[in-house]
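User: Could you take me through the terms used for this model, and set each value against its cut-off before you conclude anything?

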Amino acid sequence: MDKKIFKKIKQKLNKANSIALFCHIDPDFDCLCSMYGLRLGLVELGKQVQMFTHEKFALNHKAMLDEKQVKIGEFKPDNFDLVITVDTPSLDRLGIYSKAIEKFDNIIKLDHHQVREEFAKIALVDTEKSSCCEVVYELLKLLKIKITPELATIIYCGLFSDTNSFMNSNTNLNSLQTALELYKAGGDINKASDVNTKMKTMAEFKLKKIFYQNLEIVNKEIAISTITLAEFKKTGAIKQDTSGFSSELLSFVGINISCCMTQIEENLFSCSLRSMTGYDVSKLAGVFNGGGHVCASGCKIKAKTITEAKNKFIKAAKSYLKHREENYDK
């Protein structure tokens, strides 16, 4: 970690008494565990901390984290000295809180995504980390926070999730070393594995059935499937239930790029993108002002129908593959 940035963060924390923590919309385990882990550390420093999120928790999130500790709804900037965002590369990913935070003058950003927008006074962004939980963990160690078994379990859960059980291409030496340290600190790795992989609901099962019915293979190497608002309503599933859907499509032989496209508003569609090593979906997401990691990114597409949105994505994906083939140094 850059010493100058750490010094600035430490100075901000020393001056602050009341701190608000935020994570991105459609929260996953990495952003939630980053936020909860950071809260535990800041409380140890004697700070008053309030966490904010947009949606109620999914079933597996509730099994790991106490939902009662999070506030859903209005954020009053005057009540806080400092705002810290985790796992959030741009203001739009803060959803309903983006406008209020945009006007807030004292912000620290902790993240591991490629920088899309610098909205914070101090930004600690480490793209070499496979998860934001690792960024938070490193910060807590430098702040000399004791890593309790509870804290270790939470951080490990986010790390386990964002590396897809250490199978994603973003898994690296730091990921594995951090996992070992958390295990030695008393982290419950079995609980983290269970809540990530063994807590599927019947609603999710019904949604996945529709997801595979809607599957389309393009050019033998692009897999895309869609889910509409009506299909969410029909199954009783929620957006968080689609976590991992896009990654599953990469298990098909020959598929190099996958997309799980979900409708989030009448004319707005969210794309979760995954790719095999050697294929950079962050460039593809960038076509639609999105971003993320080389093999795991996301974006939103405006269109009148989901078919139109799908066609826009397919056109962009075909173009990316064509130019990649032309420029790829084999």
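User: Which residues is Leu21 in contact with, leaving aside its neighbours within four places in sequence, and what makes that a contact?

Analyst: Contact means heavy atoms within 4.5 Å, and, with neighbours within four places in sequence left aside, Leu21 is in contact with Met35, Leu38, Arg39, Leu42, Val49, Gln50, Met51, Phe52 and Ile84. This is a predicted model, in which local features need pLDDT of at least 70 and side-chain atom pairs count only at pLDDT 80 or more, whereas totals for chains, interfaces and linings use all residues. Residues are numbered from 1 along each chain as its sequence is written, and side-chain values use heavy atoms, with hydrogens and water left out.

User: What makes a set of residues a nonpolar core, and which residues have the most contacts inside the largest one?

Analyst: A nonpolar core is a set of buried Ala, Val, Leu, Ile, Met, Phe, Trp, Tyr and Cys residues joined through side-chain atoms within 4.5 Å. The largest such core has 51 residues, and those with the most contacts inside it are Leu21, Leu38, Ile84 and Leu110. Helix α2 (residues 29-44) gives the most to this core, with nine residues. Another core, of 25 residues, lies apart from it, and includes Ile224, Ile257, Leu284 and Ala303.

User: Why is Lys191 called partly exposed, and which residues in the helix where it is found are buried?

Analyst: Buried means under 20% relative accessible area and exposed over 50%, with partly exposed in between (1.4 Å probe, protein chains only); Lys191 has a relative accessible area of 34%, so it is partly exposed. Lys191 is found in helix α8, residues 189-197, where Ala192, Ser193, Val195 and Asn196 are buried. The buried residues of α8 pack against α2, α3 (59-64) and α6, while Lys191, with neighbours within four places in sequence left aside, is in contact with Ala63 and Met64.

User: How do you know that α6 is roughly antiparallel to α7?

Analyst: Helix α6 (residues 149-162) and helix α7 (residues 173-184) pack at an angle of about 155°, with their axes 9 Å apart. Because angles over 145 degrees count as roughly antiparallel (under 35 is roughly parallel, 65 to 115 roughly perpendicular and the rest oblique), α6 is roughly antiparallel to α7. In the packing itself, Ala152, Ile155, Tyr156 and Leu159 in α6 meet Ser175, Thr178, Ala179 and Leu182 in α7. By class, this contact of α6 with α7 has six nonpolar, two polar and no charged residues.

User: Why are α5 and α6 also described as roughly antiparallel, and which residues meet there?

Analyst: Helix α5 (residues 132-142) and α6 pack at an angle of about 150°, with their axes 8 Å apart, and α5 and α6 are therefore roughly antiparallel to each other. Cys133, Glu134, Val136, Tyr137 and Leu140 in α5 meet Leu151, Ile154, Ile155, Gly158 and Leu159 in α6. The residues of that contact divide into eight nonpolar, one polar and one charged.

User: What is the phi of Phe166, where does this residue lie, and why is it called partly exposed?

Analyst: Phi of Phe166 is near 65°, a positive value in a residue other than glycine, and Phe166 lies in the loop between α6 and α7. Its relative accessible area is 23%, and therefore Phe166 is partly exposed. Asn219, in the loop between β7 (216-218) and β8 (222-227), has a positive phi of about 55° although it is not a glycine.

Definitions and conventions. Axes fitted to C-alpha atoms, helices over the stretch in contact; angles between N-to-C directions. Helix = DSSP H or I, 4+ residues; strand = E, 2+ residues; numbered from the N terminus. Nonpolar A, V, L, I, M, F, W, Y, C, P; charged D, E, K, R; others polar.
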